[in-house]
Amino acid sequence: MELVFDENSIGTWAARYAYAEEDADLVALVPLVRETGWLSLDQLWQIARWKSRRSAGRVHENDEDYVRAVTGFALQTKSERARIEALTLLDGVGWPTASVILHFFHCECYPILDFRALSSVGEEEPDQYTFGFWWSYVEFCRALADRTGHDMRTLDRALWAYSEQHPQT
């Protein structure tokens with residue numbers, strides 16, 4: 001993976017991210033989710049709707065206890081692979097939505113999987129996500145954020161905004 005724009009312009013691209021207001025609803029959930037250690041079905045629906053309105057409706061195929069159990073496990077386990085893959089057990093939650101849950105609600109830093117962000121690091125969205133692909137992306141983004149002094153949310157916004165303004169054909 002390689003950033004396709006100058007890393008010194010991460011702040012500039014992040015400032016061009018046009019959806020910061022939509023992020024506020026998820027950011028507002030962070031203290032409560034971190035306190036309880038799990039997501040409710042309604043919170044999961046909010047997250048899924050933020051990431052993909054198309055698949056958000058499927059989230060309601062889960063029951064409340066199952067959502068709490070799976071998200072509680074994912075947010076507390078020490079296993080990186082278990083964190084992401086457990087979340088995909090939930091109806092309506094694929095790798096991209098699972099990455100949103102970790103991005104906003106886990107105490108460690110995680111990037112959001114998105115075709116736009118991936119294109120900003122020279123990658124195409126794979127036909128099927130794997131732990132190896134995801135973990136490589138996490139490590140790349142963590143190293144980039146550390147090297148440039150940006151938090152993961154700023155980096156994620158920059159990757160998304162750059163790709164939105166430079167779509168690949």
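**Salt bridges in a predicted model**

Modeller: In this predicted model, the side chains of Arg142 and Glu108 meet in a salt bridge, with 3.6 Å from N to O.

Biologist: How many residues apart in sequence are the parts that Arg142 and Glu108 tie together?

Modeller: Arg142 belongs to helix H9, which spans residues 131-148, whereas Glu108 sits in the loop between H7 and helix H8 (115-119). The pair therefore ties together parts whose separation in sequence is 34 residues.

Biologist: Is Arg142 buried or exposed?

Modeller: The relative accessible area of Arg142 is 19%, and the cut-off for this class is under 20%.

Biologist: Which helix holds both Arg83 and Glu80?

Modeller: The side chains of Arg83 and Glu80 form a salt bridge at 3.1 Å, N to O, and both residues are buried. They are three residues apart, and so about one helical turn separates them, within helix H6.

Biologist: What distance separates the closest N and O atoms of Arg58 and Asp91?

Modeller: Arg58 is partly exposed, with a relative accessible area of 42%, and Asp91 is likewise partly exposed, at 26%. The two residues form a salt bridge in which the closest N and O atoms are separated by 3.7 Å.

Biologist: Where does Asp91 lie?

Modeller: Arg58 is in the loop between helix H4 (53-56) and helix H5 (64-76), and its pairing with Asp91 ties together parts that are 33 residues apart in sequence. Asp91 itself lies in the loop between helix H6 (80-87) and helix H7 (95-105).

Notes: Residues numbered from 1 in each chain as written. Predicted model: local features only at pLDDT ≥ 70, side-chain atom pairs only at ≥ 80, totals over all residues. Heavy atoms only, no water. Salt bridge = Lys/Arg side-chain N within 4 Å of Asp/Glu carboxyl O. Helix = DSSP H or I, 4+ residues; strand = E, 2+ residues; numbered from the N terminus. Buried < 20%, exposed > 50% of the residue type's maximum accessible area, 1.4 Å probe, protein only.
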